[in-house]
Amino acid sequence: MDRYLVFGHPVRHSKSPFIHTLFARQTQQELEYGLAEPAVDQFAQALRTFFAQGGKGCNVTVPFKEQAFTLVERLSPRAKRAGAVNTIKLTDDGVLLGDNTDGAGLVADLKSHGVTLADSRILLLGAGGAARGALAPLLAELPSELVIANRTHTKAQQLAAEFCDLGPVTAQTYEQLAGPFDLVINSTSASLQGELPPLAPALIHTDIAIYDMMYGASDTAFISWAKQHGARQTMDGLGMLVEQAAEAFTVWRGIRPGTKQVLRELKRNLGVI
Ligand code: ATR
C-alpha cells in the first residue's frame, strides 16, 4: 500500500492522519498515512530513510519546514516563494519535489467562507514563516492593498520588499495602522501563549472579517478579543488545515477530495460541535 506520513516535533497531536484517512476513504484511494517525530537533528536522515523504504510522499510541519526546503531536489514556484516546504512528493521519475500548500489552503478557506479578496484592504499580522507562506497566494487574488504589521518592524519591511513585485504590499508599525481594513489575518504565534498582537481596538468594525491561523477547541485569544470589539465574522485556522491537506492530497494523488464533510468530522473529533 502507498505510504505517506507527517514529520514534525512534536507531532503526536497532528490531525493530518485523521484528515488524510478520510480523504482516502472518500476518493477510494488505497494508502496509509502515519506520523514521524524524529529528533530535531535527525530529520534529514529520517526523511531519506522514509523514501528509501518506499514512501510516496509526506507532509512536513514545525520545526522542519525550512530544513525540508533545503533537502528536496526540486521546488515548486510557490515553495520557492514561501522559503519553506510542507509537502514532499516522490515524482514518477524518482525526484523529491518540495511544495508548499499552506497559502493556497488559507485562500481556499477564506473563499469557502465567502470572503472577497479582490479589491479588498488586507491587514496581515506577523512576519514569520506563516506570513511568508501566505503572501504570494493572497497577492494573487488582487487585493487593493496588503499591509504587513509586525512586532519587530524590520521583519515586516523585509517581507514587503521581498514580495512587492507581486502586488501592492507595504509594511506599517502597529501604531501607524489606519483603517478601515476589510480583512485582518493573524499569522502571529501570540495566541499560543494566550497573548494578543498589539492592535488598536478602533480598527475592528462590524463588517470586518477576522482570520486567526491558530485554532483550538474554543475561540483563540485573538478571536475572542475581536468579537468583544464588534467583529461579526471570525474564522480560525481549522479550515486552512483541512484545505492545505486537500491541496497536498491533490499533489500526491491527482484527485481533489471534498473538504466540507471532513471539516465537520474534524470539528466533531475536536469537540467543537
Ligand atoms: P511562524 O512560522 O508560525 O510564523 P515564527 O516564524 O516564529 O512562527 O513567527 C512568529 C510571528 O509571531 C512573528 O511575526 C512574531 O513577531 P516578531 O517577529 O516580533 O517575533 C509574532 N509574535 C509572536 N508572539 C507575539 C506577540 N505576543 N505579539 C505580537 N507578535 C507576536
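Start by selecting helix H2, residues 43–52: the helix lies across S1, S3, strand S5 (87–90) and S6, at about 170° to S1. Helices (H or I, at least four residues) and strands (E, at least two) are DSSP runs numbered from the N terminus; contact means heavy atoms within 4.5 Å; axes are lines fitted to C-alpha atoms, for helices over the stretch in contact, with angles from 0 to 180 degrees between N-to-C directions. This is a predicted model, where local features need pLDDT of at least 70 and side-chain atom pairs pLDDT 80 or more, while totals for chains, interfaces and linings use all residues. Residues are numbered from 1 along each chain as its sequence is written, and side-chain values use heavy atoms, leaving out hydrogens and water.

Next, pick H1 (residues 16–27), which lies across S1 (2–7), S2 and S3 (57–60), at about 175° to S2.

Now show the strands: six of them form an open, mixed sheet in the order S2-S1-S3-S5-S6-S4 (strands pair if DSSP finds at least two bridges between them). Its edges are S2 (31–36) and S4 (74–75), each pairing on one side only. Zoom in on Arg 74, whose bridge partner in S6 is Leu 97.

Move on to S8 (residues 145–149), where four of the five residues are buried (under 20% relative accessible area; exposed is over 50%, partly exposed in between; 1.4 Å probe, protein chains only). Five bridges join S8 to S7 (residues 121–125), running parallel. Three bridges link S8 to S9 (residues 169–171), also parallel.
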